[in-house]
Amino acid sequence: MNANESSEGNVETWVVDRVEGELAVVVQEDDEIVVQVGVAELADHAVEGALLQVPLGPVGEPLWAEATRDLEAEAERRAGAEERIEELQERDPGGDVAL
């Protein structure tokens, strides 16, 4: 079984980019597809930055109500992003803007 399959079939990884009222803007990892999903369909998963494993239906449609949140992968990504920010801050000498 590969990373895009579950015991029940194919799964896609999506990230909640932002929540705008009753809609969540989610981005599909591999193809960078952007869609809007009703917050009610995602329930507790409608949180900015949430990494979702979304099973696919019989014709390849995302089954949002069956999505699960991958907290471990979120933590790994957050740690990686924080490391990159720290590295960039260490390389930035600062004070290079003159007004």
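Helices (H or I, at least four residues) and strands (E, at least two) are DSSP runs, numbered from the N terminus. The model on your screen is predicted, so local features need pLDDT of at least 70 and side-chain atom pairs count only at pLDDT 80 or more, while totals for chains, interfaces and linings use all residues. Residues are numbered from 1 along each chain as its sequence is written, and side-chain values use heavy atoms, with hydrogens and water left out.

**The whole chain**

Begin with a cartoon view, in which the protein shows two helices and six strands, running from the N terminus in the order β-β-β-β-α-β-β-α. Of the 99 residues, 24% are buried, where buried means under 20% relative accessible area, exposed means over 50%, and partly exposed lies in between (1.4 Å probe, protein chains only).

**Salt bridges**

Now turn to the charged side chains, among which there are five salt bridges, each being a side-chain nitrogen of Lys or Arg within 4 Å of a carboxyl oxygen of Asp or Glu. Select Asp-17, Arg-18 and Glu-20, which are linked in a network of such bridges; between Asp-17 and Arg-18 the closest N and O atoms are 2.3 Å apart. Asp-17 is partly exposed at 36% relative accessibility, and Arg-18 is partly exposed at 35%.

Then move to Glu-74, which is buried, with a relative accessible area of 5%. Its side chain meets that of Arg-69 in a salt bridge (2.7 Å, N to O), and it also meets the side chain of Arg-78 in a salt bridge (3.7 Å, N to O). Arg-78 and Glu-74 both lie in helix H2, four residues apart, or about one turn of the helix. Both arginines count as partly exposed, Arg-69 at 29% relative accessibility and Arg-78 at 45%.

**A negative patch**

Stay with the glutamates and select Glu-82, Glu-83, Glu-86, Glu-87 and Glu-90, which form a negative surface patch. Patches are made of residues with over 30% relative accessible area and no salt bridge, like charges being joined within 9 Å and nonpolar side chains (Val, Leu, Ile, Met, Phe, Trp, Tyr) within 5 Å.

**Two loop residues**

Finish with the backbone, bearing in mind that most residues other than glycine have a negative phi. Glu-32, although not a glycine, has a positive phi of about 55 degrees; look for Glu-32 in the loop between strand E3 (23–28) and strand E4 (34–38), where it is exposed, with a relative accessible area of 63%. Ala-43 also has a positive phi, near 55 degrees, and lies in the loop between helix H1 (39–42) and E5.

Technical notes
Accessible areas come from the Shrake-Rupley method with a 1.4 Å probe; for residues, only the protein chains shown count as cover. Lys and Arg count as positive and Asp and Glu as negative; His and the chain ends are not counted. The place of a charge is taken as NZ of Lys, CZ of Arg, CG of Asp or CD of Glu.
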